[in-house]
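The following note collects several points on local geometry for discussion. Please read each one alongside the coordinates.

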Amino acid sequence: MKKLGLYSVLVSALLFTTGCSEKNAELETDNSVVATDNSGVSDRSGIEDGSFSALEKAGNGNYYMINGQKVLIEHIYFGFDKYNLTADNKEKATNNASKLSPLKADTTVKVFGNTDEWGSDEYNYALGLKRANAVKDVLVSNGVSANISLISLGESNPVCTEKTKDCWAKNRRVEHELSK
């Protein structure tokens, strides 16, 4: 009987650790369902169609040519363990929405939620989705009619790897990517 109990504990532990190691999380939005692992992240350059093209990356965002105008779509940064938008961040998100609102409905705006390295993988993926959703809400409420998909990269896409507060703050962000 003790052997059966021991085997049950071992099998349960094995199943638990195997299940927790998978880093895919999905969020169903009214626009799409998106897996959140790194394997589907596209190269973020060379996008071209009739309404926009990707130009270059900047430290605080990405430049796109939208309807003949060069525009900067800024990254939105968050506080430690936060997903709500401050007044400054809401203004940036609203400004981004005004730049993205002319896009055609067949365009997709991918909203990537990122976190710093603090917290478990599961927690960081959930926090990344909450951050992406907060930005999506501002985009939708300000007239963006393009499809919006949410992707959480958690801590897997750092822009800075130093062990400092300033570096960690750079990783707590939401980025935008346009695709057809």
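1. Helix H3, in this predicted model, covers residues 121-141. At 1.5 Å a residue, its 21 residues should span 30 Å, and the C-alpha atoms at its ends are 30 Å apart, so expectation and model agree.

2. After the helix comes Gly 143, which has a positive phi near 90°.

3. The count of aromatic pairs comes to 1. It is formed by Trp 118 and Trp 168, whose ring centres lie 5.3 Å apart; the planes meet at 80°, above the cut-off of 60 degrees, so the pair is classed as edge-to-face. The two residues are 50 residues apart and link distant parts of the chain: Trp 118 belongs to the loop between strand S7 and H3, whereas Trp 168 lies in helix H4 (residues 165-171).

4. Are the two partners of this pair buried or exposed? Trp 118 has a relative accessibility of 43% and therefore counts as partly exposed. Trp 168, with a relative accessible area of 14%, is buried.

5. Strands S4 (residues 61-66) and S5 (residues 69-74) pair in the antiparallel sense, over 6 bridges. Within this pairing, Asn 62 stands opposite Ile 73 of S5. The hairpin has 2 residues between its strands, and Asn 67 adopts a positive phi near 50°.

6. A contact between a charge and a ring also deserves attention. The charged end of Lys 70 sits over the ring of Tyr 63, at 4.7 Å from the ring centre.

Methods
Residues are numbered from 1 along each chain as its sequence is written. This is a predicted model: local features need pLDDT of at least 70, side-chain atom pairs count only at pLDDT 80 or more; totals for chains, interfaces and linings use all residues. Side-chain values use heavy atoms; hydrogens and water are left out. Two strands pair if DSSP finds at least two bridges between them. Helices (H or I, at least four residues) and strands (E, at least two) are DSSP runs, numbered from the N terminus. The expected span of a helix is 1.5 Å times one less than its number of residues. Rings of Phe, Tyr and Trp (its six-membered ring) pair if their centres lie within 6.5 Å; planes under 30 degrees apart count as stacked, over 60 as edge-to-face and the rest as tilted. Buried means under 20% relative accessible area, exposed over 50%, partly exposed in between (1.4 Å probe, protein chains only). A charge sits over a ring if NZ of Lys or CZ of Arg is within 6 Å of the ring centre and within 35 degrees of the ring normal.
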